[in-house]
Structure formats: C-alpha cells, structure tokens
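User: Could you walk me through this fold? Let me put it up first.
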Amino acid sequence: MAETTLNGGCHCGAVQVRLDPGKPVGELALRACQCGFCRRQGARTTSDPDSRLTIAAGPDALHRYRFGRKAVDFLICRACGCYVAAMIEDGGAAWATLNVVGTDLPGFEGRVPERLDYHDETDEQRLARRKAKWTPTRLVDAVPNA
Ligand SMILES: [Zn+2]
C-alpha cells in the first residue's frame, strides 16, 4: 500500500514540495545536521532513498546558496528566505535532503532529531553518502498558485 503523500512549502508559497514516502512517515529519519549553516537555520532534515521528492518552484524562485566545498546547493526561497532543501546533481539525476522546518512538512511533530556531524568526511565519502541516503528528487518549474 502506498504511503500518504506529504505536502509542504515555503512561507510565501513560491516553492512547493511533495514527498512520496517509501515507508511510514514515523520511520523516516529526522536529522539535525551540525554544520554552521544548518545550526543557524535550526534545520531538521529528512531523506530516504526509497522515497521520492518533488520540488516545484517558479522561475527564479529559488536561490542556490553554496559554501565550503561548494558541492551542494542549499535551495532557499528568494522571496521569503525559507531554507527548503539541500540538493546535489550528478549525471542528470538529483538527490536532496528536505528541511521539514523550512517547508512546514507534516508528520514529524514531537520527534527528537538525530544530531549528525559530517565534517571528517572526504569529498568522495560525502558524495557516496548523499547518493545512498538522500531522496531521489525532481525539480520542476511551476507557476505559484496555478
Ligand atoms: Zn517563499
């Protein structure tokens, strides 16, 4: 049986997200990444290789913030500033870890996040981990409120 689709979005609505979970929502990871960016944002993220994520955003709705090794795009709504997701792209495919706080995604209320610190990883370890653990993602153009 398919799990319930979870819908969320940024504060202003210019960016919409849809997570089709590959398992019950209560079994999806909830993480508190300890990097400087995620700590400042208070981000709580989820990702799952068996789930599918769709991010719909209008033209120029997303700012792609990069820092450090610049391997990841942190997708931020240009209008309202919400941090939506971190995404990597490789060979025409994309994977993301979704910020359930910035998108007000339902289903994670009351959960205690797992605190994770990845700063000892090499670039190769980091890419391999992201491809293995992040959610296959489609970024689609959308007209807000259409
Ligand atoms: Zn917004």
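User: In what order do the elements run from the N terminus on?
Analyst: The elements of the protein chain run β-β-β-α-β-β-β-β-β-β-β-α-β, which makes two helices and 11 strands, where helices (H or I, at least four residues) and strands (E, at least two) are DSSP runs, numbered from the N terminus. This is a predicted model, in which local features need pLDDT of at least 70 and side-chain atom pairs count only at pLDDT 80 or more, while totals for chains, interfaces and linings use all residues. Residues are numbered from 1 along each chain as its sequence is written.
User: Which residues have the most contacts inside the largest nonpolar core?
Analyst: Val 15, Cys 77 and Val 84 do, in a core of 31 residues; such a core is a set of buried Ala, Val, Leu, Ile, Met, Phe, Trp, Tyr and Cys residues joined through C-beta atoms within 7 Å, and buried means that 20 or more other C-beta atoms lie within 10 Å of a residue's own, with C-beta atoms placed from the backbone.
User: And which elements give two or more residues to this core?
Analyst: Those are β2 (15-20), β5 (52-57), β7 (73-77), β8 (83-90) and β9 (93-99), and β8 gives the most, with five residues.
User: Switching topic, how much of the chain is buried?
Analyst: Of the 146 residues of the protein chain, 34% count as buried.

Conventions:
A residue is buried if 20 or more other C-beta atoms lie within 10 Å of its own, exposed if 12 or fewer, and partly exposed in between; C-beta atoms are placed from the backbone.
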